[in-house]
Amino acid sequence: MENKIKNIKNNEKKLKENLNEKDLLLSELGSLLIKNNISFPDDENTARLVNDLELEIKKIKSELEKIKQYRKRITAINTDEKNALKKVREINGENDKHFIGIGETVFAVYLERPDELTELRPYMDELLDLNEKIDEIDEKIESGERKKDAEGFFGKIIVSGTGTVLESRKKLLESRFVNQYRDLGKKLCSERYFEKTRDKEIQGIFSAYEANLKVVEDLQIKIESLVAERSNYQNEIEDKEKLLKDDYNKKPDDAVEDREAELKGILLSAGRDFFNALNEEDGRVRIDNSDISDCLKKIEEIELDMEKIRLETDNLRKEMEIGNKQAELEKLKESVQNRQDKIKSIKKEIDKMNRTARKIEKEIEELSDN
């Protein structure tokens, strides 16, 4: 029984698959009929409607494909922009280190040739002031060292303490040089001083920064170009989606789905009408188109297979019904037999009771006679 149920379910699944395949073939047949101008009912109107639907579907899909490609390009642009911005950040971080080296080196060169590099003088106030304060501290430290030898014990302790304080102050001032060098280098670079000066030594100090600057400028041009390109694609997508929505009053994907369903229904109906008409002719109609003939052959083969499956399924259901009836009959017979056996048992008990009753009656008679 279980195997029969399983086989019926498998057959029902096969029938459903065959029916879907048959519908596809009937739709294909309808399409072939139109393409080959084979006559079928209302063929002129049907052919025109099919052609309009196919063109409309093709148009919508073409626009959707363009939108898909635009979105794909935007994704690539976003990646390129992200990588370019990351590279700019890396170079800017590297330039921060260059600013310190540039400021320090320019200041050192200026101290060597202040008369030749007078145009740098306005940039040097804070560094010169800082340098001057350190020189003053150095003089005080040297002066204190000279006094040590002339002082007594307590005098030397005082001088030594003063020297320690001065050394600490000097270190504090020297620590400020790094920030001053960075500020000087950054200012000179932001003002593109390397383009203004003719001093070769000074120009050479900026060579690494200039190389980085060129890369950053190229990257910024690339980023601007990417942003503009992305904006163009986004505008194109918005325009196309708006036009499609205005034309079909729904989402483009839904519009395609609706029209494909309508087209499939028309082709399916056309193919089915033609196939049924041929069957009514009892095979007397000759088809000269090989594609149509092949399609018809496949449909006939599927129908035969479906008929075979239906017959097999019907037989299985009959066998199951017979089996159920037989099981019901056996159950009924068993019930009858059980009741008959019970009746026999009751009859035996009744006979036994009757015999006992007669015996008692006899005993009563005997007692009455005495």
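Read along the sequence, which pattern does the protein chain follow? Then take me through helix H9.

Analyst: This is a predicted model: local features need pLDDT of at least 70, side-chain atom pairs count only at pLDDT 80 or more, and totals for chains, interfaces and linings use all residues. Residues are numbered from 1 along each chain as its sequence is written, and side-chain values use heavy atoms, without hydrogens and water.

The pattern is α-α-α-α-α-α-α-α-α. The protein chain has 9 helices and 0 strands (DSSP runs numbered from the N terminus: H or I, at least four residues; E, at least two). Of its 370 residues, 28% are buried (under 20% relative accessible area). Its accessible surface is about 26200 Å² (Shrake-Rupley, 1.4 Å probe). Carbon and sulfur atoms account for 49% of that surface.

Now helix H9. It covers residues 290-369. Leu332 lies in it. Leu332 counts as exposed (over 50%), because its relative accessibility is 54%. With Leu329 and Val336, Leu332 forms a nonpolar patch on the surface. Together they have about 260 Å² of accessible area.

Glu365 is exposed, at 52% relative accessible area. Glu365 belongs to a negative surface patch with Glu361, Glu363, Glu366 and Asp369 (charges placed at CD of Glu and CG of Asp).

Conventions: Patch = residues over 30% accessible without salt bridge, like charges linked within 9 Å, V, L, I, M, F, W, Y side chains within 5 Å. Salt bridge = Lys/Arg side-chain N within 4 Å of Asp/Glu carboxyl O. Lys, Arg positive; Asp, Glu negative; His and termini not counted. Buried < 20%, exposed > 50% of the residue type's maximum accessible area, 1.4 Å probe, protein only.
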